[in-house]
Amino acid sequence: MGSQSDWQIMRKAAEALEELGVAYETRIVSAHRTPGRLYEYANNAQARGLKIIIAGAGGAAHLPGMTASMTNLPVIGVPIQSKTLKGLDSLLSIVQMPAGVPVATVAIGEAGAANAGLLAASILALSDADVAKRLADWRARQTAAVGETPKSD
C-alpha cells in the first residue's frame, strides 16, 4: 500500500487471504515518497517467492502501474477512496494502464480490497490444489448463507 492510512482498506485483502489460508506480506511502499523502496520491492518480489502483488493506492495511484512495470508477476490494483474525488481519481489512474503494462483493477475501497484477496487466491488456485479446495469451500459457504425466502423481523 502507498501509505499507513491505506491499511484501513487493504486490511480487507489480508482478511480474505487469511480466511483462505494464503500466506501474504504487507508493506508500505509509496511510488512518490519511497521510489527506491518500490524499485527494490518490485524487482525482487519474484525472486523472493511472491506470486502475485496486490497494490492499493489513492489519488494519482501510481503504485500498481509502477509495480507492474518492474515485475512479471500479476499485479492487482486496489483504488483507495480519496477525499477529493472519492476514489474516482484512483480508479481511473489504475484502470487506464497503457497496453503492455497490465494491472487488474478491482472496485474502489473495502469491497475492492476484499475482492483483490479473493482474485489473488483464485489465480493461485489454478496451480495449487489446496488453495483451490479452500476457495471452493469458501464459495460454497457463501452460497449456503443466502436464504431462499425473506424472514420477517
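A: Ile53 has Val75 in β2 as its bridge partner, and this pair belongs to the parallel pairing of β1 with β2 (residues 75-80), which are joined by six bridges; two strands pair if DSSP finds at least two bridges between them, and the strands (E, at least two residues) and helices (H or I, at least four) are DSSP runs numbered from the N terminus. The model is a predicted one, in which local features need pLDDT of at least 70 and side-chain atom pairs count only at pLDDT 80 or more, while totals for chains, interfaces and linings use all residues. Residues are numbered from 1 along each chain as its sequence is written, and side-chain values use heavy atoms, with hydrogens and water left out.

Three strands make up an open sheet with parallel pairing, in the order β1-β2-β3, and its edge strands, β1 (53-58) and β3 (104-105), each pair on one side only. Across β1 and β2 lies α1, which runs at about 160° to β1; axes are lines fitted to C-alpha atoms, for helices over the stretch in contact, and angles run from 0 to 180 degrees between N-to-C directions.

Helix α1 (residues 7-19) also meets helix α5 (residues 110-125), their axes coming within 7 Å and crossing at roughly 30°, which makes α1 roughly parallel to α5 (angles under 35 degrees count as roughly parallel, over 145 as roughly antiparallel, 65 to 115 as roughly perpendicular and the rest as oblique). The contact, meaning heavy atoms within 4.5 Å, includes Ile9, Met10, Ala13 and Leu17 of α1 and Ala113, Ala114, Gly117 and Leu118 of α5. Its residues divide into nine nonpolar, two polar and two charged, where Ala, Val, Leu, Ile, Met, Phe, Trp, Tyr, Cys and Pro count as nonpolar, Asp, Glu, Lys and Arg as charged, and the others, Gly among them, as polar.

The axes of α5 and helix α6 (residues 129-144) come within 8 Å and cross at roughly 135°, and the two helices are therefore oblique to each other. Among the residues that make this contact are Leu118, Ala121 and Leu124 of α5 and Val131, Leu135 and Trp138 of α6; by class, the contact has eight nonpolar, one polar and one charged residues.

As for confidence, the chain has a mean pLDDT of 95, with 100% of its residues at 70 or more, pLDDT being the predictor's confidence in each residue, from 0 to 100.
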